[in-house]
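Keep the structure open while you read, and click on each residue as it comes up.

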Amino acid sequence: LLCCYRKPKTKRAKRFLEKREPKLKENTKNAMLIKGGNANLTVTEVLKDIYAVKKPFAVLYKKKNITRPFEDQTSLEFFSKKSDCSLFLFGSHNKKRPNNLIIGRMFDYHVLDMIELGIEKFVSLKDVKNSKCPEGTKPMLIFAGDMFDVNEEYRRLKSLLIDFFRGPSVPSIRLAGLEYVLHFTAVDGKIYMRSYKVLLKKSGCKIPRIELEEMGPSLDLVMRRTHLASDDLYKLSLKQPKALKPKKKKNISHDVFGTTYGRIHMQKQDLGKLQTRKMKGLKKRPAEKSAEDGGVSPKKSKST
């Protein structure tokens with residue numbers, strides 16, 4: 001069989017291919033925002049605002065793309081390979097499904113699952129005249145509503161939204177960096193998305209007083225169609241390599257409160273050879289020593 005893979009001729013091409021190679025620890029997931037062939041002003045503004053929230057881990061396609069993801073997914077898979085994005089948000093508008101958004105994710109450059117949402121109300125970043133968070137701020141995600149835990153479609157939507165907005169993994173957190181909140185509420189068949197800026201006020205003690213100031217965008221959404229992966233494919237996408245799985249440590253256990261207990265194995269001790277404090281009263285008599293040595297007296301017998 002002829003191999004279509006060609007070796008890179010330049011160092012730049014080599015770095016580009018190495019960046020796309022599979023890794024033990026994945027890079028931060030990138031998202032592509034695609035505008036449909038008949039997107040209106042509302043959908044365009046929503047895509048721009050979500051791109052501003054998601055930057056720099058997002059790619060915005062400004063040209064219109066005539067495609068229908070629920071019927072043909074080849075164009076989405078092509079754009080995913082081209083831009084190396086595993087998340088997508090597709091916006092469209094028509095008479096049957098006005099102000100339409102399709103959010104989804106890829107696995108091995110194929111569509112894993114996607115959910116169609118309808119926009120009922122939208123307030124953009126420009127409409128809210130408050131201070132904004134700087135670009136690339138990692139948000140805190142809050143989900144409210146029993147539907148996110150009870151209904152399978154809402155549970156998968158919650159997983160999709162976490163994947164989409166979670167941002168890069170960080171080793172440590174500082175208090176001043178917690179300044180952006182994304183709040184999702186599911187109630188009465190609708191999903192409300194609100195974004196707030198965290199303000200740290202003086203409280204007279206070490207812990208500051210926290211206030212939330214709405215900064216946009218805010219969306220009122222309703223769920224329409226869903227395309228969910230099968231349980232086997234979903235489990236396969238969650239599979240971790242063996243190198244990342246934590247190794248089991250022997251003789252270590254944890255209780256309900258998280259306390260760690262360790263079991264130590266020691267050889268059997270001979271208490272007779274135990275070194276004690278040297279005292280005159282604890283010295284062994286000659287008769288005891290001879291008994292321990294097998295009845296042979298250490299003193300030589302006098303010759304007759």
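Which side chain meets D220 in a salt bridge? It's R194, with N and O 2.9 Å apart. A salt bridge here means a side-chain nitrogen of Lys or Arg within 4 Å of a carboxyl oxygen of Asp or Glu. Before going on, note that this is a predicted model: local features need pLDDT of at least 70, side-chain atom pairs count only at pLDDT 80 or more, and totals for chains, interfaces and linings use all residues. Residues are numbered from 1 along each chain as its sequence is written, and side-chain values use heavy atoms, with hydrogens and water left out.

**Salt bridges**

- Side chains of opposite charge can pair when their charged atoms come close.
- Searching the whole structure turns up 14 salt bridges.
- Back to D220 and R194, whose side chains meet in a salt bridge: D220 sits in strand β10 and R194 in strand β8, so this pair ties together parts that are 26 residues apart in sequence. (Helices are DSSP runs of H or I with at least four residues, strands are runs of E with at least two, and both are numbered from the N terminus.)
- D220 counts as buried, at 12% relative accessibility. (Buried means under 20% relative accessible area, exposed means over 50%, and partly exposed is in between, using a 1.4 Å probe and protein chains only.)
- R156 pairs with E152, and their closest N and O atoms are 3.4 Å apart. Both lie in helix α5 (residues 152–165), four residues apart, which is about one turn of the helix.
- R156 is buried at 5% relative accessible area, while E152 is partly exposed at 38%.
- R156 and E152 also belong to a network of salt bridges that links K29, R105, D113, E152, R155, R156 and D163.
- R209 has E211 as a salt-bridge partner, with the closest N and O atoms 2.4 Å apart. R209 is partly exposed at 41%, and E211 is partly exposed at 32%.

- K55 and P56 are joined by a cis peptide bond, with omega about 5 degrees. You'll find P56 in the loop between α2 and β2 (58–65).
- Another cis peptide bond joins G216 and P217, with omega about 0 degrees. P217 is in the loop between β9 (209–214) and β10 (218–227).
- N99 isn't a glycine, yet it has a positive phi of about 45 degrees. Look for N99 in the loop between β3 (87–92) and β4 (100–107), where it is buried at 17% relative accessible area.
- D188 has a positive phi too, near 55 degrees, and isn't a glycine. D188 is in the loop between β7 (180–187) and β8 (190–201) and counts as exposed at 73% relative accessibility.

- UniProt, in an unreviewed entry, places the feature "domain: Brix" at residues 29–232. Such annotations may be inferred rather than shown by experiment.
- That span, residues 29–232, is 22% helix and 41% strand, and its end C-alpha atoms lie 22 Å apart.
- E213, found in strand β9, is partly exposed at 24% relative accessibility.
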